[in-house]
Amino acid sequence: MSIFHFCCDAEIGRKDNYSRWPKLPNVYHMKKILIADDDDLVRDAVIKILEMFGYEVTDVDNGQSAVNILNDKFDAIILDINMPGMDGFETIQAINKKDLGIPVLFLTGAGSMEYAVKAINLGAYDFITKPIEDLDLFDVKIKRAIEKRMYVLQEKAYKTNLEKEIQAKTKELAEKNILLREYSDQLEISTVNAIHTLQNALEQKDRYTAGHTNRVTNYSLMIGKKMNLPREEIIILERACQLHDIGKLIIDVSCIQKPGPLNYKEWQLVKKHPEVGQSIIKPLAFLAREGIVIRHHHEWVNGNGYPDGLIGDQIDILAKIVTVADSFDAMTSMRSYRVNFSKKKALEELKRCTNTQFDEKTVAVFNKIIRDVNINKIHSNDRQKILK
Ligand SMILES: [Fe+2]
């Protein structure tokens, strides 16, 4: 067995790798073979044999012509080595550049090892010794070359199909991801809205607190916008505001409505609402940051707030914003136990409590944006207008 046959056998050994591919019909029927040989007698003889075996043959008498007419419709190429002009070795190099994957068989009477090695290194598939005396061997060699060609074509088709399939699957997956994202976003919005509606309903029961959450949300968004917070932060801020007093839903804070100051026990109960609020939304993982803001919207920058007594930068900037907005609205709204402050007086109070209760930067920003605003006109629920 020659080293060329070893190569052929190795290819046949790979057959199992392609077993899942569909078989091509009439694999050996009327396959096209290109032959280049300057010797008319040899060329005619080979053509006759090939045609006898049922192949369609195209012949040329030099390497350059072979390269010129070669296309991917051919299934095998037979090249003479010694040809005038471009010899067989130069021809196969030019053929290789076309990268068509068509097996090349060298036709030569000089079967020296030196030629064989050179041919192999250049990518030859097999050798055919001339004159052709063993027709069965010739037939086997051509069939193997054709079979190799079939594998190449099937592999190409397989890769093309695979690429198309991967592209289609990737597209399908991307579309599903978009749908899933939209569904998830919608679910998040619906969940927040549902909780917010409950909180609003609670507020509406008390004429003194009606609209408080919406006003706190609007003030906070005005501050956030002025601070140029990223869109993601604004969304969290809005949600945190809408839910900031959600803890009051499940603890009895009816004492808030009573005239006069709270006693110690009542005050301790009211102080629980930030923690309770955070725990209510804790199962909703997408509201984790909002939970932190809710928990800390009664912290003071000097550490005297509740529930954790955080100081300065330990408090989330969004919580600092809600604190200012919440306090301003509480001061400017009527309560059962006191008359509401004017805007001017509430701003003075914010300023007085800067660096104790309130964050200095947040108060400064709020002062700038609220100074020339009629607060009675921004109590609407029109967030889009504020965020314009
Ligand atoms: Fe609160």
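**Exercise 1.** Find the residue with a positive phi that follows H2, and state which residues of H2 are buried.

*Solution.* Step 1. Gly54 follows helix H2 and has a positive phi, near 95°. Helices (H or I, at least four residues) and strands (E, at least two) are DSSP runs, numbered from the N terminus. The model is predicted: local features need pLDDT of at least 70, side-chain atom pairs count only at pLDDT 80 or more, and totals for chains, interfaces and linings use all residues. Residues are numbered from 1 along each chain as its sequence is written.

Step 2. H2 covers residues 40-52, which is 13 residues. From its first C-alpha to its last it reaches 18 Å, close to the expected 18 Å; the expected span is 1.5 Å times one less than the number of residues.

Step 3. The buried residues in H2 are Arg43, Val46 and Leu50. A residue is buried if 20 or more other C-beta atoms lie within 10 Å of its own, exposed if 12 or fewer, and partly exposed in between, with C-beta atoms placed from the backbone. These three cover an arc of only 70° around the axis, so they are on the same side of H2. The arc is that of the directions from the helix axis to the C-beta atoms.

Step 4. The other side of H2 has the exposed residues Asp40, Leu41, Asp44, Lys48, Glu51 and Met52.

Step 5. The cover over the buried residues of H2 includes strands E1 (32-36), E2 (56-60), E3 (76-80) and E4. Contact here requires C-beta atoms, placed from the backbone, within 7 Å.

**Exercise 2.** Locate Asp99 and Asn228, and decide whether each is buried or exposed.

*Solution.* Step 1. Most residues other than glycine have a negative phi, and most peptide bonds are trans. Asp99 is not a glycine, yet its phi is positive, about 50°. Asn228 also has a positive phi, near 60°.

Step 2. Asp99 lies in the loop between helix H4 (88-98) and strand E4 (104-108). Asn228 is in the loop between helix H7 (212-226) and helix H8 (231-242).

Step 3. Asp99 has 8 C-beta neighbours inside 10 Å, so it counts as exposed. Asn228 has 8 other C-beta atoms within 10 Å and is therefore exposed.

**Exercise 3.** Where do Pro131 and Pro307 lie?

*Solution.* Step 1. Lys130 and Pro131 are joined by a cis peptide bond, with omega about 0°. Pro131 is in the loop between strand E5 (126-129) and helix H6 (135-204).

Step 2. The bond from Tyr306 to Pro307 is cis, with omega near 10°. Pro307 is in the loop between helix H11 (288-295) and helix H12 (317-332).

Note on methods: Two residues are in contact if their C-beta atoms, placed from the backbone, lie within 7 Å.
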